[in-house]
Every structure is written in C-alpha cells, then in structure tokens.
Amino acid sequence: MHQPQEIAIYIHWPFCKSKCPYCDFYKKIDCNINQDIIITEYIDALRRYRQILPERIVKSVFFGGGTPSLIKPNNIAIVIDEIVRLWPITENIEISLEANPNTHYQTMFQDLKNAGINRLSLGVQALNEADLHFLGRTHSLATARLCLREITSVFDNHSADLIYARPHQITADWKNELEEICTYGLKHISLYQLTIEENTVFARKGVKSLDEEAAVQMYEMTRDFLAANGYYLYEVSNFAQKGYESKHNLTYWQGGDYIGIGPSAHGRICLNGAHYATEYPFIHTQLSPQERAEELLIMGLRLTNGINKADFKKICGLDMHDFVNEQKLNFLKESGLLAETPTHLFATRSGFLLLNQLVLELCS
Ligand SMILES: C[S@@+](CC[C@H](N)C(=O)[O-])C[C@H]1O[C@@H](n2cnc3c(N)ncnc32)[C@H](O)[C@@H]1O
Ligand code: SF4
C-alpha cells in the first residue's frame, strides 16, 4: 500500500510580552495585534500548502516563537483543527507549544491541552532569582516552579529550556539547578549555552559569555549528570528519557520535510525528487543535491547517533562518501573525532565539541 510521506508543521508566533536581552529570535512586542487576522492568514497559508502537498501525513506540529503561549487557546484549536481537516495525521502525532511562564494564568495549561496541545515546552532559563533577573525574565522563580509542577501534572509529554554558561556562573551552582530540574519528572530537557548574539541588548552592553574552557567543563558535567538521572544526550543541546526525543526537531536534524507558517518561518520540502527551501508565505527556492547534502551533514552530526548513510543517500541522492572529502574524513576518524559504522557516521564525544570545524573539513 502506498504510504504518504510524513511532514512536520512549524507555526511561528513572533510576539512576546517583553524582549529578553540575550535573544535574537525574530520577535515583536505584543501590543494591539489582532490575533484573529493573523490566524486567518495562517489558515490561508496552510490551505495553499495543502494544494501543493496533498499526499502527506502530518507527524508533528510545533507552535514556536516568540511566545506562542500568548495565542488564545481558541485560536490554537482553530489551527490544529484546520491541519487535521487538511491532512491525515499519524496515530501518535506530537503537537508541541513553547510557553513562557510570564504568560501564566490559572487554567492556562489545561486550556492548551483542551485546544489540542499534547507536549508542553517551558522556557525556564534559570532556577535562581538573581539569574532570572540578569536574563531579563519578567516572571518570578516561584512562577517558573509553579509552571513546572503544572505542566508535569497536566501533560504526559513535557520539556523545559534552561540557559547555562552565564557570565560568572560556577559549575557547582549550575549543578544545583540541574538537580532541581531533574526533580520534576520532565520527559525532555533542552540546555543551551548562553551565546551573545549580535544586535541584542547583551551585545550592546558588552556582556561576555563564559570562557570556552569553563563552558566545556560545564557541558561535560551536564552530560554525565543528566545521564546518571535518566536523560541521555541525543542532540548537542537536547536530553531526553528514552522514547521522548522531540519528534518535531528530529525532522530538522534527520532531513525530513517540514513547512513553516508565520513571519521568518522557513521549510524544506521535496517535490517530485527536487528539493526546495521555503520561506513564509510562499517563496520556494530550489536546492541542488550538494546544497541539500551539506545541510544533512551539518544537521545530522548534531545528533549523538549521527547520520544514517542510507537515509542520506535516499534524501539527497548522493552517496555520503562521494560527497565528503574522503581524505579529511579518514584523518578525522584517525584523530578520534569522528567514528563510522556500516550504517552511521557520528561525532565522538571529543568531536562533539568541535562540530563546526568537523563540518568545514568534511565539506572542503
Ligand atoms: C525562541 S525561545 C522560545 C521560548 C519562550 N519564548 C521563552 O522565552 O520562554 C527558545 C529558546 O532558545 C533559548 N535561547 C534564546 N536565545 C538564546 C541565547 N542567546 N543563548 C542561549 N539560548 C538562547 C532559550 O532557552 C529559549 O527558551
Ligand atoms: S527568549 Fe522567548 S520571551 Fe524572550 S525575547 Fe526570546 S522569544 Fe521572546
């Protein structure tokens, strides 16, 4: 029987209540917007995509931001219902939403669940009051903790984001936060090293990130600590209990098809054997097999399991060994930075700390 190809759908909500000084995600402050008009535009875009991608089955929907917990639950339900009307869905579809504790109200999580969300990702960022303040978060530690307790009681699948390697942070303090985050029974944890992005308040103020050596030490400690607590590292910044890896994000890292709805959202789709990068609302740019192969390498090596070589060939049409610089590949394997099995190519633990360089070498 013909099995329709799976697709993931990203819904971008670019509005936030306030701007965090470290964040360079495309966002606007939520004042006087008309949600209903924006949701109608999103529904129109989904319908257009249905016309060019009729034979698909939706495996995940991700409401990301910005702060999508600002979308009225009724509007979230409208979007989910429309997706379900337009395409068949997989039996275990993942429908995630990123929530900021600063949008919390008493029934928020239950309302989101009633609207159709089945995985909640909470932006906690820090588990002490001083660092929440430093990061410009406008919610208290008490509210973050309340949200953590609520999401684990309302949802079966949940995740939290924290930012570490903050300036002046010491490993012992970070470990205390890790100990706390492990007490909530979350299925998934995303831990990002603070990066000072251009054109942010932090960059303008000259805030410096932690020095490289200290950040690496924290990363290594984090990896071991979380493994001992049942969370294994499956992607550079992502840890999960077995079976609770983010289906949606795995689509990006494994080169699956996805569409992006909302300003600054983008997608990747394969149509009649050709690859396209999409930009909202409806710009399609064709990618060469080499361009697609390079993306597969960059994204795939972020996974601890690495790149499945058969999938690589199936997606971009090129044999991985024909595409990469074979001499460099052998050198990186001999240096203990990359490893290869008959099915996969992956970065070793030490290689994981040098991913950008590995990709540059392989594509040279
Ligand atoms: C687009 S944000 C969405 C979360 C939600 N808006 C919130 O702030 O609660 C996704 C995640 O990226 C991470 N992030 C954003 N900027 C970062 C930076 N400069 N350095 C490290 N992590 C960052 C944060 O952990 C954040 O939760
Ligand atoms: S971290 Fe989240 S809430 Fe803060 S500005 Fe970025 S998207 Fe908005």
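# A tour from the pocket between two domains

Start where the domains meet: domain 1 (5–250) and domain 2 (306–364) both give residues to the lining of the second largest pocket, so this pocket lies between them. The domain bounds come from an automatic or database domain assignment. Before moving on, note that this is a predicted model, in which local features need pLDDT of at least 70, side-chain atom pairs count only at pLDDT 80 or more, and totals for chains, interfaces and linings use all residues. Residues are numbered from 1 along each chain as its sequence is written, chains are lettered from A and ligands numbered from 1 in the order in which they are written, and side-chain values use heavy atoms, with hydrogens and water left out.

**The pocket.** Its volume is about 680 Å³. Select Gln254, Gly255, Gly256, Asp311 and Ile315: of the 29 lining residues, these are the closest to the centre. A pocket here is an open set of points on a 1 Å grid over the protein atoms alone, where a 1.4 Å probe fits, with protein on both sides within 12 Å along at least five of seven lines; lining residues have an atom within 4 Å of a point. Points are joined across faces, edges and corners, and the volume is the space filled by probe spheres set on them.

Now colour by element. Helix 11 (309–316) is among the elements that supply at least two lining residues each, as are strand 1 (5–13) and helix 10 (289–300). Helix 11 gives the largest share, four residues. Helices (H or I, at least four residues) and strands (E, at least two) are DSSP runs, numbered from the N terminus. By type, the lining has 11 nonpolar, 12 polar and six charged residues. Ala, Val, Leu, Ile, Met, Phe, Trp, Tyr, Cys and Pro count as nonpolar, Asp, Glu, Lys and Arg as charged, and the others, Gly among them, as polar.

The domain centres, taken over C-alpha atoms, are 30 Å apart. Eight residues of domain 1 and four of domain 2 make the contact (heavy atoms within 4.5 Å). Together the domains bury about 550 Å², 58% of it on carbon and sulfur atoms. Buried area is the accessible area (1.4 Å probe) that two parts lose on being put together, summed over both. Select Glu220, Arg223 and Val236: in domain 1 they lose the most area to domain 2, together 60% of what that side buries.

**Ligand 2.** Of the 10 residues around ligand 2, the closest are Cys16, Cys20, Tyr22, Cys23 and Asn100 (a heavy atom within 4 Å).

**Backbone stops.** The Gly65 to Gly66 peptide bond is cis, with omega near 10°. Tyr280 to Pro281 is also cis, with omega near 0°.
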